Each structure stands twice: as C-alpha cells, then as structure tokens.
Amino acid sequence: MSNYVLSCCSTADLSAEHFKSRDISYICFHYSLDGVQYPDDLGQTIPFDKFYQAMVDGADTQTSQVNVDEYFDYFTPFLEEGKDIVHLSLSSGISGSYNSACIAADMLREKYPERKIFIIDSLAASSGYGLLMDKLADLRDEGMSAEDLAAWAEENRLRLRHWFFSSDLTFFVKGGRVTKASGWFGTVLKICPLLDVSNTGGLVPRFKIRGKEKVIKEIAKKMEEQADDRLDYSGKCYISNSNCYEDARAVADIIEERFPKLNGKVQIYSVGTTIGSHTGPGTVALFFWGDKRDN
C-alpha cells in the first residue's frame, strides 16, 4: 500500500471498474442536457448510448470543468488521512482544470504543510490520459515514490500519442470548430478529419481523408510510424469511441494483427460525456506510447 493517492479527472475516459481495479481516484467534470446538469461519471448516471442519442435528437449540451472549491473538497479527505497526492489533470490545452487544481493545492499546502501535493498537467485527453494513468499505477505498484512518479509523468507525458478521426462533422460545426461551409463540403465529400494532440496539449487537425475506410487504415498507419519499437511495440493500446463501436473495433482488429507483441488485446472505451459533448457521435481515438510529440 502506497502512502499517497494517485488521482485524475473523469475525463481520462476509462471505466469505473478499471479505475477501481487500479486504485486510481478520480473527480468528475459536469455536463448538462437541455439545461439539466449531471456528473460526468463514466456513464453511470446516463449510459453513453442514451447520451449520444440525446445529442442526435437535438438536445443542447454544455460542459463545465471542476472548480477550485470542488478540488479543495476532493483533496481534503486524502490529506486528513495522512496521504500525499499525485494528481494529473486534463490537458491545459483543452481545459482550465489544471489551473483550478493548482490553486486548490496551494490553499491546502498552507493548511496541511506536512503533506505533499503534486499537480501535473497531463497534456493528454480521453483514454490517452487514461493510458498514462494506467502506466503511473504500474510504477506506483512497483514501489515508485510520489516525488519520482510526478517527475516521471512530467518527463514522459509527451510520449503518449493520440490520434482521432470523426466520421460525423455535425457537432464540430455546431461547436464552431468547423465552419458551416467546410462542414457541408466535408459531409458531401465524406471527409474524415484526422487529428492529434500537440506538444502543448491542444487538439490539432492534421489531415483531411476522404472516406471512413481510408481513415481507419491511416490511423493504424500512424501507430506503425510512431509507436515505440514500431511493429515490435510491446506496450498497451487503448481506443475510445463516441457511440461508433464498430469503427473502433475495425481499428483494433488492424492493430492486433499488425502488432503481435502488443501487451494484451486493444482495450476499447467510450469517449466520455465531457469530451463527447464537443465531438458528438462518430469519433474514434487511438492511443499508444511512441515518439515524443514535438509540435
């Protein structure tokens, strides 16, 4: 049993069962459907299929990050138990939650000067953020100290690769990330944008690929080009999807065939309600360890 708590946000998009099995604590973001607020609690309050169907049916969605007071209340019981904290936040390139966690930690350091609180910007999102947390749980279980774990996370976080594609631009247009004209042409031409996460933690469009079959092949090719040891990659691979499991499974099948040394099968999760509120259904994201992100 370690003398510190390993923690993240629900936007790491793993399952509640996975977090529990790895002894990873998490704090929930929030979202609303037609003005009614819910916790982003990994699909426990509203199942993911019902959430995405509500979006398709026209429900208005909004999201809110964890605020300072919530972090303060969340961290306090751990400190009162005599535990130190290693907390990784959702990428600062996507959310201001990192700043809120830092402010809460500064307040708590004054109240609990004997305790250590490490707040790290994951520069990651969705199940890629989750893959990073899973690796940190491995290192913790191997006996790594809180200080060394925090340092390892900061040193290695950019080695976590993210690739996303979307076959439905509706909610990218609705959220203003794609213009109406581009969205119309993209839909007519069946354009599937391929995006990744930059070294500053922001989501960046990289390629416009015509057709779902082609983009599925291209996202798998990115792993071939960037994964540690290339086709001899022996780490874990996660995929998340927003109500398009068959597309995620198609990517997983290619990965499992091309990477025979993979650590177990590809694990497929759902894009959570916070990130999914912005992407809508039809998004597939691939995560693995590889070359350090440099742009």
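Buried residues make up 55% of the 295 residues in the protein chain, and this figure, like every other value in this report, comes from a predicted model.

**The chain as a whole**

The secondary structure of the protein chain comprises 11 helices and 13 strands. The radius of gyration is 19 Å, close to the 19 Å that the globule rule gives for 295 residues, so the protein chain is as compact as a globular protein of that length. Among contacts between residues at least 6 apart in sequence, 76% join residues at least 24 apart. The protein chain exposes about 13,100 Å², of which carbon and sulfur atoms supply 49%. Its charged side chains number 33 positive and 43 negative, and the centres of these two sets lie 7 Å apart.

In helix α6, which runs over residues 146-156, the buried residues are A146, L149, A150, W152, A153 and N156. These residues cover an arc of only 160 degrees around the axis, which puts them on the same side of α6. The partners against which the buried residues of α6 pack are the strands β1 (4-9), β6 (84-89), β7 (117-121), β8 (160-166) and β13 (283-289), together with the helix α5 (126-141).

Helix α2, residues 48-56, has F48, F51, Y52, A54 and M55 as its buried residues. Here the arc is only 150 degrees around the axis, which puts these residues on the same side of α2. The face of α2 turned away from that buried side carries the exposed residues K50 and V56. After α2 comes G58, whose phi is positive, near 105 degrees.

**Individual residues**

| Residue | Relative accessible area | Class |
|---|---|---|
| D13 | 2% | buried |
| H18 | 10% | buried |
| L262 | 12% | buried |
| R230 | 35% | partly exposed |

Most residues other than glycine have a negative phi. D13, although it is not a glycine, has a positive phi of about 50 degrees, and this residue lies in the loop between β1 and α1 (16-21). R230 is likewise a residue other than glycine with a positive phi, near 50 degrees, and its place is the loop between α9 (212-226) and β11 (238-241). D13 is buried because its relative accessible area of 2% falls under 20%, whereas R230, at 35%, is partly exposed.

H18 is found in helix α1. Leaving aside neighbours within four places in sequence, H18 is in contact with D134, Y238, Q267 and Y269.

L262 lies in the loop between α10 (245-258) and β12 (267-270). Not counting residues up to four places away in sequence, L262 touches M223, Y233, S234, G235, C237, I255 and E256. One of these, G235, is 27 residues from L262 in sequence, yet the two are 5.7 Å apart in space, C-alpha to C-alpha.

Notes
Residues numbered from 1 in each chain as written. Predicted model: local features only at pLDDT ≥ 70, side-chain atom pairs only at ≥ 80, totals over all residues. Heavy atoms only, no water. Helix = DSSP H or I, 4+ residues; strand = E, 2+ residues; numbered from the N terminus. Rg over C-alpha atoms; globule rule 2.2 N^0.38 Å. Buried < 20%, exposed > 50% of the residue type's maximum accessible area, 1.4 Å probe, protein only. Contact = heavy atoms within 4.5 Å. Areas by Shrake-Rupley, 256 points an atom, 1.4 Å probe, with all protein chains shown as cover. Lys, Arg positive; Asp, Glu negative; His and termini not counted. Charge placed at Lys NZ, Arg CZ, Asp CG, Glu CD. Arc of directions from axis to C-beta.
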